[in-house]
Amino acid sequence: MSQNGSHRKEKIGVYVCHCGSNIAGKVDVPAVVEWAASQPGVVVAREYKYMCSDPGQDLIKNDIKELGITRAVVAACSPTMHEPTFRKAAADAGLNPFLLQMANIREHCSWVTEDPVAATDKAKRILGAQIHRLPFNEPLDSIAVDVNPDVLVVGGGIAGIEAALKLAEAGKHVYMVERNPSIGGHMAMFDKTFPTLDCAACILTPKMSALGKHPNITLMAYSEVTKVDGYVGNFTVRVKKKARYVNTDSCTGCGACQEACVVRKVKSEFDQGLGYRSAIYIPFPQAVPLRATIDPEKCLMLSRGKCKQQSCVEACGPQAIDFGQKDEEIELPVGAIIVATGFELFDCKNESTYGYGRLDNVITSLEFERLSNASGPTGGRIVMKNGEAPKSVAILHCVGSRSENHQEFCSRVCCMYSLKFAHLIKEHLPETEIYELYIDMRANGKGYEEFYKRLMNEGVNFIRGRAAEVTELAITHEEEGKLIVKAEDTLLGVVRRLPVDMVILSAGLSPQHDAKEVSQIFGFGCSASGFYLERHPKLEPVSTVTDGIFICGACQFPKDIPDTVAQAGAAAAGALTLVNNATVKVEPTISYIDPEKCSGCHICVGLCPHAAIRFNEEKGVAEVIEAACKGCGVCVAACGSGVPQQRGYLDAQIFAEIEGALAV
Amino acid sequence: MKYSYYPGCSAEATAVAYDVSTRAVCDRLGVELVELPDWNCCGSTSYFSVRELRSFGISARNLAIAQELGDMDLVTTCNSCYTVLAKTNRYMADNAELKADIVEALNRAGRHYDGNVNVRHLVDVLVNDVGYDAVKAKVTKPLAGLKVAPYYGCQLSRPIGTFDDPEFPMTLDRLVETVGATPVDYPCKSKCCGGMMMLTKEEAALRLCFELLKTASDREADVIITACPLCEMNVEAYQPMVNKQYGTHFRIPVMYFTQLLGLALGISAKDLALDKQVVPVDKVLSAVPA
């Protein structure tokens, strides 16, 4: 196939960026420019230190206006970075934006190629591919589609609550889907919050209550998103409402059923297994919605088909209990989605040297939050398993975090909550000796370092060294019956054995166990750490690769409450920016099917992952639903006759690129 | 199930009983062991500190012989041999220069090794390839009521071993349950026995043995089982010295896990070389049903 494009009389402008020393430090930019100027169709080739700056963009705009160039290629960074910048510049100067191509000579070349000569050669090939392709580019017009103004928020922790309230206050209708019976997330379990020591419930529950009552919010707790179809501005979301076996319209949340239930020794998830609930339960007194739920695995009626007493039914005044209730699937049309599904605590059983699950009185940080919480299972008394107050406590930092064996990253909140724990213990039990075993103390927020200083003055023992082991093996008499924490004190340069009554494991934050599957439902990926991947780590931290879907809070990466709330606001603003418009432009680089050539074999219809191809029975041909097509190219590759073509990625364009890359 | 078998030096001296009981148990469980012909010392831990390349060379010679025997996993019973042989594989895989040196050395000795022989510990083979259920099915004399401290040693589950939790292994505990005995909670199960330090810094090694013995005694274990010749020797044979040093009166039987397993499989004490023990094992034998 000979397609050199020379039959097309196009005037091509070439713009090579130095990107400071990012590109010019490796690639011989003047040589690339000189070479480019001699290529077929190129009428002007320029270089500039930062092409993305205003003066850089002006070079392109001026050439469009003054030299009348009809095609342009910018050799610079990845198109995911600045293609929109340069295409907008082209459009501003009157050139159809799809007649400008990016040649990525940074990520694909200067950053990854060692040898400058090889890098320069590679840059020419990458650029040459685009120069050859450009004559085959055609002007394309973005497609404007209507935007559904409603927004879905997934996850009812502090991140989701904040985002939902912001959007609702802005007048948008919000659907809030939460997996658990109540919203509130982890924050609802906390005792106090660092460094100000506000009570978590005092600042959270008003927001929960406001959400539950807001006329613009439809709350769907005990529900999960199972499928997302559609595209920016027009998503169709399938939500499974799990059966509560309680009619939520008539249940008043009085709690009489849980008092009456005969199955009373179910470990409470909310109390981290330190307290008990019934098989029919309201997870905590401030739950929103304040409705009962039956645990189908624990309820005798549901698990065994018979319960002699059925005392809950008897106790329920409004007769809300319905053992026959089934899961329900509904569809929600929304324009934007915010995913705020939070984190899971690192499973401390995986750090077997610390004996969690094996040694009594080795507890997790979340368990301590419940112990210390006035509404917790002990009424706020910090006690050991035998009911006595501990006389000495060791708090072990970085459990599962900063670890070659588990999670490489720092979980960012553990140093601070560990300091908070020390303060709370001192408050409850002033005589108790406290040891904080840390690697580095990371107190880098507003008021955090000051809080650390305060704790040093409260008589807490700080030992710099990661704990090696927690053991019950006593050597000396005073160690008998204690937990012994072994650690290297790296400031003293000695190995220490600390006999204590209680060990608190400051566990790191892990991605939700199903983060990967959930991310696939929404069509974005996960980072290497397992948390959801943002579109750009610095400039688009709450956007995802799927237009119209945003993320915020600890599902993106571990963060404290202030950062989570700030991100939630940013995600709400992102969603609002989208749904506040009546229409949104979608990329025109989608597929089309020539009805003259289509044989009507149906292959593409079934293969399209976005249900964007329908079969026109009347004409006997397949048709692309333009607004739904995402331009993935599956139909193009699948069709036996090569009929579907993807605009912007036509065969002629691809072949020209290959020829260009090989022509140097 | 057929494996090449590397007994290791101690099998011909202090740990004859380990070798004898291993062969007896494997025979009973249908595990065929093909002993490497003309095997040599694995290189051991100490030699690596003085002559690294030579240590790798002599270690790899065993692996080369295993490769010549055909496509079989190589089984060893000594924790140290296991670690050293597997370490040779890992270093060869990670370091092309070292691999070239080792291969050249082997070539000059008329051998060749590609680096692909899979090194396994017998515990791994018995619990994962044979499996607990298959072992249980062959138990004819369940050791009911016997309290066993499973002592894994420091090198069974780390740094190379991946078949069990590196810090708190459980495979031997389950094997003890499989033969009808009761594993005691033995939190020092993966602690060091002192190893070679018994010869160079005796008081340090005795201290470690003391902790192992005291814990077993506190937990009322009838017997300590080990999966390593050096562990067995240190913890068993040095009890009089520990007693002298710490004023204690320990006299706890210590035996190889294969010996305990063998008893439950109905193999006689003699065929398991239990007559070679330093501390008498009468209490254990009395738990074997007639």
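Student: In what order do the 4 strands of the open sheet in chain A run?
Tutor: In this predicted model, 4 strands of chain A form an open sheet in which the pairing is parallel. Its edge strands, each pairing on one side only, are strand 2 (42–48) and strand 4 (100–104) of chain A, and the twist from one strand to the next averages 15°. Read across the sheet, the order is 2-1-3-4.

Student: Which residue is the bridge partner of A:Val16 in strand 2 of chain A?
Tutor: Strand 1 (residues 12–17) of chain A pairs with strand 2 of chain A in the parallel sense, over 6 bridges. Within strand 2 of chain A, the residue that partners A:Val16 is A:Glu47.

Student: What angle does the direction of helix 5 of chain A make with that of strand 4 of chain A?
Tutor: Helix 1 (residues 29–37) of chain A packs on the sheet against strand 1 and strand 2 of chain A, and its direction makes about 170° with that of strand 2 of chain A. Helix 5 (residues 116–133) of chain A also packs on the sheet, where it touches strand 1, strand 2, strand 3 (71–76) and strand 4 of chain A. For helix 5 of chain A, the angle between its direction and that of strand 4 of chain A is about 165°.

Student: What percentage of the contacts in chain A between residues at least 6 apart in sequence join residues at least 24 apart?
Tutor: Chain A has 18 helices and 34 strands, and its C-alpha atoms fill a box of roughly 90 × 70 × 40 Å along the principal axes. Buried residues account for 45% of the 664 residues in the chain. Of the contacts between residues at least 6 apart in sequence, the share that joins residues at least 24 apart is 70%.

Student: How many residues are in the second, separate core?
Tutor: In the largest core, A:Ile338 is one of the residues with the most contacts, and beyond its neighbours within four places in sequence it is in contact with residues including A:Val151, A:Ala163, A:Phe550 and A:Ala575. The second core is separate and includes B:Leu74, B:Tyr82, B:Leu206 and B:Phe210. The number of residues in that second core is 92.

Student: Which helix gives the most residues to the side of domain 1 of chain B that touches domain 2 of chain B?
Tutor: The domain assignment divides chain B into domain 1 (2–121) and domain 2 (140–286), whose centres, taken over C-alpha atoms, are separated by 25 Å. The contact takes 21 residues from domain 1 of chain B and 23 residues from domain 2 of chain B. On the domain 1 side, the elements that give two or more residues are helix 1 (16–29) and helix 4 (79–94) of chain B. The one that gives the most, with 9 residues, is helix 1 of chain B.

Student: How many charged residues are on the side of chain B that touches chain A?
Tutor: Between the chains, 7 residues of chain B are in contact with 5 residues of chain A. By class, the chain B side has 3 nonpolar residues and 1 polar residue, and the number of charged residues is 3.

Student: What is the omega of the cis peptide bond that joins A:Val288 and A:Pro289?
Tutor: Most peptide bonds are trans. The bond from A:Phe194 to A:Pro195 is cis, with omega near -10°, and A:Pro195 lies in the loop between strand 8 (192–193) and strand 9 (198–199) of chain A. A:Pro289 is found in the loop between strand 15 (280–281) and strand 16 (293–294) of chain A. For the cis bond joining A:Val288 and A:Pro289, omega is about 0°.

Student: Is A:Asn361 buried or exposed?
Tutor: A:Leu197, in the loop between strand 8 and strand 9 of chain A, has a positive phi of about 65° although it is not a glycine, and with 13 C-beta neighbours inside 10 Å it counts as partly exposed. A:Asn361, in the loop between strand 19 (343–345) and strand 20 (362–364) of chain A, also has a positive phi, of about 70°. Because a residue counts as buried when 20 or more other C-beta atoms lie within 10 Å of its own, and A:Asn361 has 20, A:Asn361 is buried.

Conventions: Residues are numbered from 1 along each chain as its sequence is written. Chains are lettered from A and ligands numbered from 1 in the order in which they are written. This is a predicted model: local features need pLDDT of at least 70, side-chain atom pairs count only at pLDDT 80 or more; totals for chains, interfaces and linings use all residues. A residue is buried if 20 or more other C-beta atoms lie within 10 Å of its own, exposed if 12 or fewer, and partly exposed in between; C-beta atoms are placed from the backbone. Two residues are in contact if their C-beta atoms, placed from the backbone, lie within 7 Å. A nonpolar core is a set of buried Ala, Val, Leu, Ile, Met, Phe, Trp, Tyr and Cys residues joined through C-beta atoms within 7 Å. Domain bounds come from an automatic or database domain assignment. Two strands pair if DSSP finds at least two bridges between them. Axes are lines fitted to C-alpha atoms, for helices over the stretch in contact, and angles run from 0 to 180 degrees between N-to-C directions. Ala, Val, Leu, Ile, Met, Phe, Trp, Tyr, Cys and Pro count as nonpolar, Asp, Glu, Lys and Arg as charged, and the others, Gly among them, as polar.
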